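Open your viewer and get ready to select residues. This tour moves from stop to stop.

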Amino acid sequence: MGVVKSPETGLDEKAVIAAAERALADIALVRKEVGKVIFGQESVVEQTMLAILSGGHALLVGVPGLAKTKLVATLGTVLGLESSRVQFTPDLMPSDILGSEVMDQDENGKRSFRFVPGPIFTQLLMADEINRASPRTQSALLQAMQEYHVTVAGRANDLPRPFHVLATQNPLEQEGTYPLPEAQLDRFLLQVDVNYPDLAAERRILLETTGVTEAHAGQAITAGRLQEIQTLIRQIPIGETVLDAILALVRSARPGNGNSTTDKQVAWGPGPRAGQALMLCARARALYEGRLAPSVDDVLALAEPVLQHRMALTFSARAEGISVRDVVASLVSQARG
């Protein structure tokens, strides 16, 4: 099987394998620490971790009370990241998250402006209920997510690295909200659906979170080590078969590419950024599960979180009660053949 070579990294194959084996141990420790606090949401934890390991952002969609906020706070602790939380509201202004300039006066009476950084100047930002913010505030966050700097008073201010946004959204309550524009949705590497826990997990939640003491997660790695793992993921080679599967899946989700289901039900499909997300997240998923090479199964397992927020259905499909998840599941089924 042919292998697609990654860009020149200065590491030979043995060095990459050795680095990957060290990363496997670190990731296993991260999973252990997170598991002390978050119960039964293995898929949610995995997908959120994949977004971070791939160097991207994630949108967590779920009703209140499913530990989304607790997950983000726990990841900040376990990964050794500086973190902050912003509760988005309709009256939130860009300066409330980016920061603003204030006027200072020295002992000689000379006045000058000084930039006071906002809460976005952190390594892990939780944007709670992001769809409650106005488009003006959302556009300010969009620049930060894409360009890793913010512009205030005409001056660019670099954000700390690594920088990740984990945003939450309530799928039920839409009154007084501003739906995220397609351009901003596309900046999220994954959309993570947070569902209710199963019976065993919910029983454990009740027993372990209503007593006198609660479990706490400890730091497993540092921010610097996380960046090393993120760089390593980009160095892992992708097999030709996996690359072909990514291309086939992404292109099959676009109208006009020969898929009759898509042509009938999809108004517009994912762009190349979806393929980039699958390339990175498939590598990250392999490491997360203790493997040194991604497979086609990794690609298909990631189809829903990567594609569902990058597609829109036709009016007739919505009228028939078809969802984007139904379409993605059909495409995955066809890919499995």
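The stops below cover a core, a hairpin and a pocket.

This is a predicted model, where local features need pLDDT of at least 70, side-chain atom pairs count only at pLDDT 80 or more, and totals for chains, interfaces and linings use all residues. Residues are numbered from 1 along each chain as its sequence is written, and side-chain values use heavy atoms, leaving out hydrogens and water.

**The core.** Select Leu53, Leu75, Leu79 and Leu287. In the largest nonpolar core, of 75 residues, these four touch the most other members. (Such a core is a set of buried Ala, Val, Leu, Ile, Met, Phe, Trp, Tyr and Cys residues joined through side-chain atoms within 4.5 Å; buried means under 20% relative accessible area, with a 1.4 Å probe and protein chains only.) Now show helix H11, residues 272-288: it gives the most to this core, 9 residues. Helices are DSSP runs of H or I, at least four residues, and strands are runs of E, at least two, numbered from the N terminus.

Go to strands S7 (residues 149-152) and S8 (residues 155-158). They run antiparallel, joined by 4 bridges; strands pair if DSSP finds at least two bridges between them. Pick valine 150: its bridge partner in S8 is asparagine 157. Between the strands sit 2 residues, and alanine 153 takes a positive phi near 55°.

**The lining.** Which residues lie nearest the centre of the largest pocket? Select Ser54, Leu189, Arg234, Gln276 and Leu280, from a lining of 37 residues. A pocket is an open set of points on a 1 Å grid over the protein atoms alone, where a 1.4 Å probe fits, with protein on both sides within 12 Å along at least five of seven lines; lining residues have an atom within 4 Å of a point. Return to H11: the largest share of this lining, 8 residues, comes from that helix.

How values were computed. Buried means under 20% relative accessible area, exposed over 50%, partly exposed in between (1.4 Å probe, protein chains only).
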